[in-house]
Amino acid sequence: MTASLLSAQRVLITGASSGIGAGMALGFAEAGAAVVVNHFGQADAAEAIVRQITDAGGQAVAAPGDVSSPADVAGMFDIAAERFGGIDILVANAGIQKDAAFTELTLEDWRAALDVDLTGAFLCAQEAVRRFRRQGLDPARSKALGKVLFTSSVHQVIPWAGHANYAAAKGGVKMLMETMAQELAPEKIRVNAIAPGAIQTPINMAAWATPTAKESLMKLIPYGRIGQPEDIASAAIWLASDAADYVVGTTLFVDGGMTLYPCFARGG
Ligand code: BGC
């Protein structure tokens, strides 16, 4: 990792106590950023990430909060302001799955996924943009006034039976991201998304924990391996850095080719 890519920048990563978010927290710190590690009810795990970063000489602080609560969201950004003097990058990453066959999907689980995966992303992004404006452009930190990066999913384009709530939320994230990018680019706010494929984390353990599950998962991944959080972190670091200053409103798929319709390699 290039240590200077994010030096002097401050990032808030939601859902950073586990999985892809934790991988991004460690990666962003290694790339020189001060990291606000948001978590929801996982203080020990978040503190462990913070310690790992500070033990390696980086800067980090834990920030509890539910992304679907406006008051909690404001609290996370306040921690960033108190501890690091502001924020340059938001990674709206927190996400959950509440899987069920379509007719079994309860309103409660529909709402839970939409609340975290879409409304949570909206609330965090809205607060970030307000803070970027208040802070003003600081060329010593970045060419942009601020950057918002959403963790979307391949399921912003791949329909997913048994996951209607999750796929609907991620489809929403795609249009939220693109609309924000169009609206905010004139202010030098860059908005983009990363769309991970199957990354080996607790959220999808059922897809990789047994040899049979893994074998069927591999049929969906032309590149022949499951992704790791570091695969997402390195792409996210670049997208959030000034090296990607002209990248606006794009979704970067980091999926080992999952979106290439691999079934068609032997059919059609
Ligand atoms: C989901 C995972 C799934 C992956 C590929 C992700 O967005 O959270 O559970 O393995 O997409 O299908």
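A: **The second largest pocket**

α4 gives the most to the lining of the second largest pocket, with 6 residues. The model is a predicted one, so local features need pLDDT of at least 70, side-chain atom pairs count only at pLDDT 80 or more, and totals for chains, interfaces and linings use all residues. Residues are numbered from 1 along each chain as its sequence is written, and side-chain values use heavy atoms, without hydrogens and water.

Which residues line the second largest pocket? They are Phe122, Ala125, Gln126, Val129, Arg130, Arg133, Leu176, Thr179, Met180, Glu183 and Leu184. Two elements, α4 (107-135) and α5 (164-184), each give two or more residues to this lining. Helices (H or I, at least four residues) and strands (E, at least two) are DSSP runs, numbered from the N terminus. A pocket is an open set of points on a 1 Å grid over the protein atoms alone, with protein on both sides within 12 Å along at least five of seven lines; lining residues have an atom within 4 Å of a point.

The second largest pocket holds about 190 Å³ of space. That volume is the space filled by probe spheres set on the points, which are joined across faces, edges and corners. By class, its lining has 6 nonpolar, 2 polar and 3 charged residues. (Nonpolar: Ala, Val, Leu, Ile, Met, Phe, Trp, Tyr, Cys and Pro; charged: Asp, Glu, Lys and Arg; polar: the others, Gly among them.)

The structure has 1 cavity of 30 Å³ or more. (A cavity is a set of points where a 1.4 Å probe fits but cannot get out.) The largest cavity contains about 70 Å³ of space. It has 14 lining residues, and Ala92, Asn93, Ala94, Asp117 and Ala121 are the closest to its centre. α4, β5 (146-151) and α5 each give two or more residues to this lining. Again, α4 has the largest share, with 5 residues. By class, the cavity lining counts 8 nonpolar, 4 polar and 2 charged residues.

Next come the loops that follow these two helices. Arg141 sits in the loop between α4 and β5. Arg141 is partly exposed because its relative accessible area is 27%. (Buried is under 20%, exposed over 50%, partly exposed in between, with a 1.4 Å probe and protein chains only.) Beyond its neighbours within four places in sequence, Arg141 touches Ser7, Ala8, Gln9, Arg10 and Asp88. (Contact means heavy atoms within 4.5 Å.) The C-alpha atoms of Arg141 and Asp242 are 9.4 Å apart, although 101 residues separate the two along the chain.

Lys188 lies in the loop between α5 and β6 (189-196). Its phi is near 65 degrees, a positive value in a residue other than glycine. Lys188 is partly exposed, at 43% relative accessibility.

Finally, step back to the whole chain. It has 7 helices and 7 strands. Along the sequence they follow the pattern β-α-β-α-β-α-β-α-β-α-β-α-α-β. Of the 268 residues, 49% count as buried. Among contacts with a separation of 6 or more, 73% join residues 24 or more positions apart. The C-alpha trace spans about 55 × 40 × 40 Å along its principal axes.
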